[in-house]
Amino acid sequence: MNREREHLFVARDQNELNIAAAGKIVHVCKESIRANGRCSIALAGGSTPKPLYKLLSVRPFVEQIDWSRLHFFWSDERFVPPDHPDSNYQMAFQTLLSKVAIPDANVHRVETEQPNVETAALQYESAIRSFFNTEDDAVPKFDLILLGLGEDGHTASLFPSSPAITESKNLVFGMYVENIQGSRVTFTAPLINGARSVLFFVSGTSKARILKVILEGPSRKELYPAQLVRPVDGTIYWFVDRNAAKELTIQP
Ligand code: 6PG
């Protein structure tokens, strides 16, 4: 682990993990708003972040964030309607967005109403580029990208052997994913690696094996796409609980 730009925090339990991650998110928000007047965060989907998002919507954290300066995006999205139970936007809406004073214009969800997943990906990339006002080849720099870790080593919707994992030009990729029988829109490795900070949020015994593979195993990026995450000049924070960390040799 590169001590300079990769930090591992092991929480005693999920409650401590949520509190620690919420504190880091508040810190990044404050720093980004102080430096640039706004903070851009890409949210992770799945189930692990749900209690974290709920925690951000209540005291003390809810009072520590200037929601009018915060902009939310999603590091991946299922290609389903925004009110679908599988939607990552819907999960964030239920747990956080519906409870805080964030302006609608600051919520940049994937437009899954597009005719197909490829068009949705192109539209999202265009929306990201215009938000960051970047030239064609410059990679936008999110202040923070939240990521989960799947038991198969995927992160966002970068699944093993997926065509998205070798994408080196586009920032967002849309595809049908055979092994989950569904279509996904995902940030690609170049966009993730442009971030100032990336926060992996991993909890539970079921992730212990894969976390050890990702952090301590040989580099096999096509098999374990989470290993693709190596920010160019940003920092990776691994926020994990003791159950997820129990097979690790390295200790923080
Ligand atoms: C998604 C996520 C995905 C998730 C991992 C872990 O859309 O499902 O973005 O990458 O983070 O699959 O999911 P859990 O947190 O539910 O274990």
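Strand β2 (residues 39-43) and β3 run parallel and are joined by 5 bridges; strands count as paired when DSSP finds at least two bridges between them. Within this pairing, I41 has F72 of β3 as its bridge partner. Strands here are DSSP runs of E with at least two residues, helices are runs of H or I with at least four, and both are numbered from the N terminus. The model is predicted, so local features need pLDDT of at least 70 and side-chain atom pairs pLDDT 80 or more, while totals for chains, interfaces and linings use all residues. Residues are numbered from 1 along each chain as its sequence is written, and side-chain values use heavy atoms, leaving out hydrogens and water.

Now step back to the sheet. Its 6 strands follow the order β1-β9-β8-β5-β2-β3, an open arrangement with parallel pairing. From one strand to the next, the twist averages 20 degrees.

Helix α1 (residues 14-36) packs on this sheet, touching β1, β2, β3, β5 (144-147), β8 (197-202) and β9 (235-241); contact means heavy atoms within 4.5 Å. The direction of α1 makes about 155 degrees with that of β9, using lines fitted to C-alpha atoms (for helices over the stretch in contact) and angles from 0 to 180 degrees between N-to-C directions. Helix α7 (residues 208-216) lies across β1 and β9, at about 155 degrees to β9.

What about disulfides? The whole structure has 0, a disulfide being a pair of cysteine sulfur atoms within 2.5 Å. For C29, the nearest cysteine sulfur is that of C39, 3.9 Å away.
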